[in-house]
2 protein chains.
Amino acid sequence: MQLYSYFRSSASYRVRIALNLKGLSYDYVPIHLLRGGGEQFSPQYRKLNHDAIVPTLVDDGHALQQSLAIVEYLEETHPTPPLLPATAVDRAHVRSLALQIACEIHPLNNLRVLKYLKHTVGVTDDVKDAWYRHWVEAGFETLEARLGGDARTGKLCFGDSPTLADVCLIPQVFNAQRFKVDTARFPTIQRIYDHAVQLDAFERAAPGRQPDSE
Amino acid sequence: MQLYSYFRSSASYRVRIALNLKGLSYDYVPIHLLRGGGEQFSPQYRKLNHDAIVPTLVDDGHALQQSLAIVEYLEETHPTPPLLPATAVDRAHVRSLALQIACEIHPLNNLRVLKYLKHTVGVTDDVKDAWYRHWVEAGFETLEARLGGDARTGKLCFGDSPTLADVCLIPQVFNAQRFKVDTARFPTIQRIYDHAVQLDAFERAAPGRQPDSE
């Protein structure tokens, strides 16, 4: 398998964690999102990924995109250890935590959106940074309420074993801290993050450990 | 089952289509997103949905949220007819089409984001409308390229039977047309939409057919 990835991309980070949790090895192909206007826009990369976004996972000649679709694919093709719980209700709970991050927080804060705000809407850096923090904080507030009030929450988002929810949460917390969000305001999220980043699969997936890290 | 829904909400529309495709009946509970500042913020509704967003599906006492997690739940609990293809690679393809809409287009265009742009960032209606169109058009351009260039595309996004991808695409096209996006520029998307809206499950899920339609 080849993973087309950018060290700082949250979506790439999710897939790196999932690959590590599944014990799968892969070739790391760096795609620099800023250099030369963005390597993701090259014609070669767009053949793999029309959207020109990372990550793309190539498995057996099939180019797969969208991080959550890739993690579900890994779950189906390599079911052990499972990243989703056993019952349909619990699976829906874990998926909904993951989707809350992937649909309600992250899309508002990715690079292309921040670039559009700055260069097309023409806002100041202060307004752009406030935008970033607003969506992270609003999302984390409800996520904190959900995680803090649910008996299924353990050392991690669902019990003590990593799931799809942790695969999404840890990169989002990392990203938030990089943008100076005080994540200590969200004690359950902070506690889960502090625990997860010490686990080998998460530690090896961290942006600072990637070959293209700067 | 009870579906907490707003007639115009794309995410509610997705779940209505999926419930109809699965042949499941449900009680429709309207949540008006604008009236009185938004009924989704009421303490009663927030007990079901901390995020204060629609839809919520209550099944056997379990409150499920996030439309894609709900559709995956319906797929697991009511597998016939399937909304995902048979092979892992094809399932990843269909999920990635759905997620491209759910993560790259829709989150940038929902009500709370447009409200923040207008009232907090303070942009004009023209800038807000240009923002809306920008993200729909950028997303539809790459979606059109993917669908138009893939032999798996049929009368619908994957072959001729409805899948999770159609469940997401049709509400997004409806929404785009409401905001005056010229969807005829995207011929494959337009063709799939025109076919799908004539199918009974999609027709009955349409915003204009809901009890809270205005």
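Residues count from 1 along each chain as its sequence is written, and chains are lettered from A, with ligands numbered from 1, in the order in which they are written. Because the model is predicted, local features need pLDDT of at least 70 and side-chain atom pairs count only at pLDDT 80 or more, while totals for chains, interfaces and linings use all residues; side-chain values use heavy atoms, with hydrogens and water left out.

**Stop 1**

Select chain A. Nine helices and four strands make it up (helices are DSSP runs of H or I with at least four residues, strands are runs of E with at least two, both numbered from the N terminus). Follow the elements from the N terminus: β-α-β-α-β-β-α-α-α-α-α-α-α. The radius of gyration is 17 Å, close to the 17 Å from the globule rule for 214 residues, so chain A is as compact as a globular protein of that length. That radius is taken over C-alpha atoms, and the rule is 2.2 Å times the number of residues to the power 0.38. Along the principal axes, the C-alpha atoms fill a box of roughly 50 × 45 × 30 Å.

Colour by accessibility. Of the 214 residues, 60% count as buried (buried is under 20% relative accessible area, exposed over 50%, partly exposed in between, with a 1.4 Å probe and protein chains only). Now the contacts, meaning heavy atoms within 4.5 Å. Among those between residues at least 6 apart in sequence, 64% join residues at least 24 apart.

**Stop 1: the two-fold axis**

**Stop 2: the cavity**

How many cavities of 30 Å³ or more does the count give? One. The rule uses a 1 Å grid over the protein atoms alone: a cavity is a set of points where a 1.4 Å probe fits but cannot get out, and lining residues have an atom within 4 Å of a point. Points are joined across faces, edges and corners, and a volume is the space filled by probe spheres set on the points.

The largest cavity has a volume of about 120 Å³. Select A:Glu72, A:Leu99, B:Leu68, B:Glu72 and B:Leu99, the closest to its centre of the 13 lining residues. Helices α3 (67-77) and α4 (88-109) of both chain A and chain B each give two or more residues to the lining. By class, nine lining residues are nonpolar, none polar and four charged. Here Ala, Val, Leu, Ile, Met, Phe, Trp, Tyr, Cys and Pro are nonpolar, Asp, Glu, Lys and Arg are charged, and the others, Gly among them, are polar.

**Stop 3: helix α3**

Select α3 of chain B. Nine of its 11 residues are buried, among them B:Ser67, B:Ile70 and B:Tyr73. These buried residues pack against α4 of chain A, and against α1 (10-21), β3 (56-59), β4 (62-65), α4 and α7 (164-178) of chain B.

Switch to A:Ser67, in α3 of chain A. It is buried at 5% relative accessibility. Its contacts beyond four places in sequence are A:Ala11, A:Arg14, A:Val15 and A:Pro55.

**Stop 4: A:Gln100**

Move to A:Gln100 in helix α4 of chain A. Its relative accessible area is 1%, which means buried. Beyond four places in sequence, A:Gln100 touches residues of both chains, including A:Gly139, A:Arg146, B:Asp51, B:Gln65 and B:Gln66.

**Stop 5: backbone details**

Go to the loop between α3 and α4 of chain A, which holds A:Pro81. A cis peptide bond joins A:Thr80 and A:Pro81, with omega about -10°. In chain B, a cis bond joins B:Thr80 and B:Pro81, with omega about -5°.

Next, A:Lys180, in the loop between α7 and α8 of chain A. Its phi is positive, near 65°, in a residue other than glycine. A:Lys180 is exposed at 69%. B:Asp60, in the loop between β3 and β4 of chain B, has a positive phi of about 55°. B:Asp60 is exposed at 70%.

**Last stop: A:Arg191**

Finish on helix α8 (residues 187-196) of chain A, at A:Arg191. At 41% relative accessibility, A:Arg191 is partly exposed. Beyond four places in sequence, A:Arg191 touches A:Thr153, A:Gly154 and A:Lys155.

Note on methods: 1 Å grid on protein atoms, 1.4 Å probe; cavity = no way out; pocket = protein on both sides within 12 Å on 5 of 7 lines; lining within 4 Å.
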